[in-house]
Amino acid sequence: MNHSSIDTASLNYHHTLTANGGVSVDLLADLEKKSRLLEPSQDELDKLFTKTEHYARQHLAQVHDTPAYVKSGDRSIGLLSSPITETGISIDDTLNLLHDYVDHEGLNSGSPRYLGYIPSGGIVHSAFGDFLAAIGGRYAGVFHSSPGAVRMENMLVRWMAEVVGYPRGAGGYLASGGSIANLSAVITAREAHGLRGSDYDRAVIYMTAHTHHCVDKALRIAGMGSSILRRVPEDGRCRMSPEALEKSIAADKASGLDPWLIVGSAGTTNTGTVDPLADLATIARSNNLWFHVDGAYGAFFALCPEGQEVLTGINQSDSLVLDPHKTLFLPFGTGALLMRDQEFLGPAHGGRGAYMVDMDSDANELSPAYVSPELTKHFRGLRMWLPLKVLGVAPFRAALSEKIYLARYAYERLKAMDGIQVGPYPDLSIVTYRYVPPQGDPNEFNRSLVKSLHEDGRVFMTSTQIGSTVVLRMAVGSFRTHRQDIDQSLDILNHTIGHVQK
Ligand SMILES: *Cc1c(COP(=O)(O)O)cnc(C)c1O
């Protein structure tokens, strides 16, 4: 290294550098004293534990009763009045900032009456796993650097592969979420099909109007924005029509295009419907297309018998995305990509630096760094492994069955309500419905209805459009949601309809 290239003039301590490059002992003592603040004393550590524990307990004690949504009055702007400064403030004052400016307004995804978008989890056991992952500092990217952390991740991947019925030889990794995992899947499928830049204009992808927008986004990020996207017509119940798909592929082949990828949904975000996966798999196989399934919302329903039935054929996909931070009830930040044949991951994600040779090992375990976009990564396995070990799988299975039955229960109750028109019978745990007022434009009414619900905030539901019809969605997915919460939410809905009508 060329020491003369260091710009000493920019350092306050340049005067202490001696002519021969030595450093004064006093300087080091001073810097050590200051930098040792990074390692708290026993007293300070006790205080950090006690104060954060108290904060967390307070939060958990209230989470059932706080509103599902607090419309933003832009309170969080207050954060900016406490800028990042040279010296710190107390942990009490810091937690007060968190309480006042972050943990109040916006969505409270931990509420049992959070029924919007796709509810996320937040089981507390995961938080302890995260805590220990951060304390332990194990590096989960390469086997050699933490055999235990990597084995744990791979073990979880194999467990998920078993849950969905993938064969031996399947592999994958834990991602930060479904969007990244879908991107990774698109790139893997692209490499497997041998597509190069000059082929993209002719490459055709098949999905429906309900496919999650992150797949479009993935194609663009992958540089494939010029490829051809076919929105395959539906069967009248928001599922991809196999007949229409076959026709579309045949027509594209006949006109010299390169049909390449079918994206099926194992539970669309919009309506919760599941595409006919077995049929799509057959069509993909006979036409030599890659069959990817986005199961970010729905794939974990394979843990319960009611879900398994709906998800038939999911194990015939080439790749599959799951989101443990949705239907395995983990906190935000955990997705997963599974490959039916793990060998496809390497060519799409390979590459290593010269500085990594010491890390190679011949253990029969994939290193996530070689099969995924990340190098240094969060030790995600621990937040998933710890709850599964402590609780076992049974409560997860029960909770997923419960969500399916709660959605059916809500569907029946909605159907019996005056003026309510329900959408398709729920495949999984999302119910769509709308209120048809005696007079006036139904779309306008339902837009006002959802706005009023948001203003009230006790329950959170969202709206969407199916074709040109505005509908409301009730997505049952929080582990905290039980029958009383559905009853209460429907009562609030009923009341709000009356209110909007006035
Ligand atoms: C949520 C979701 C995604 C995106 O996953 P993120 O974890 O939010 O990045 C993709 N597909 C479906 C079906 C989803 O529900």
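Student: Among contacts in the protein chain between residues at least 6 apart in sequence, what percentage join residues at least 24 apart?

Tutor: Before the number, a word on the source: this is a predicted model, in which local features need pLDDT of at least 70, side-chain atom pairs count only at pLDDT 80 or more, and totals for chains, interfaces and linings use all residues. Residues are numbered from 1 along each chain as its sequence is written, and side-chain values use heavy atoms, with hydrogens and water left out. A contact means heavy atoms within 4.5 Å, and among contacts between residues at least 6 apart in sequence, 74% join residues at least 24 apart.

Student: How many helices and strands does the protein chain have, and what does its C-alpha trace span along the principal axes?

Tutor: Helices (H or I, at least four residues) and strands (E, at least two) are DSSP runs, numbered from the N terminus. By that rule the protein chain has 17 helices and 13 strands, and its C-alpha trace spans about 85 × 60 × 45 Å along the principal axes. A residue is called buried under 20% relative accessible area, exposed over 50% and partly exposed in between, with a 1.4 Å probe and protein chains only; of the 502 residues, 49% count as buried.

Student: Which residues are closest to the ligand?

Tutor: A residue is counted as near a molecule if one of its heavy atoms lies within 4 Å of it. Here 15 residues surround the ligand, and the closest are G178, S179, D294, D323 and K326. Helices α6 (178–192) and α11 (324–327) each supply at least two residues of this shell, and the largest share, three residues, comes from α6.

Student: Staying with helix α6, is S184 buried or exposed?

Tutor: S184 lies in helix α6 and counts as buried because its relative accessibility is 2%. A polar contact is a pair of N or O atoms within 3.5 Å; within protein, one must be able to donate a hydrogen and the other to accept it, and residues adjacent in sequence count only if both atoms are side-chain atoms. The side chain of S184 makes such a contact with the side chain of Y173, at 2.8 Å. Leaving aside neighbours within four places in sequence, S184 is in contact with Y173, L337, H349 and P373.

Student: How should I check the span of helix α5, and what do its buried residues pack against?

Tutor: The expected span of a helix is 1.5 Å times one less than its number of residues. For the 18 residues of α5 (residues 147–164) that should be 26 Å, and the end C-alpha atoms are 26 Å apart, which agrees. An α-helix has 3.6 residues a turn, so residues three or four places apart point the same way. The buried residues of α5 include M152, L156, W159 and V163, and the buried residues of this helix pack against β3 (171–175), β8 (319–322), α11, β9 (335–339), α13 (368–371) and α14 (381–391). After α5 comes G165, whose phi is positive, near 85 degrees.

Student: Where do C238 and F329 lie, and what are their phi values?

Tutor: C238 is in the loop between β5 (228–231) and α8 (242–254), and its phi is near 65 degrees, a positive value in a residue other than glycine. F329 lies in the loop between α11 and β9 and has a positive phi of about 65 degrees although it is not a glycine. C238 counts as buried because its relative accessibility is 5%, and F329 is buried, with a relative accessible area of 2%.
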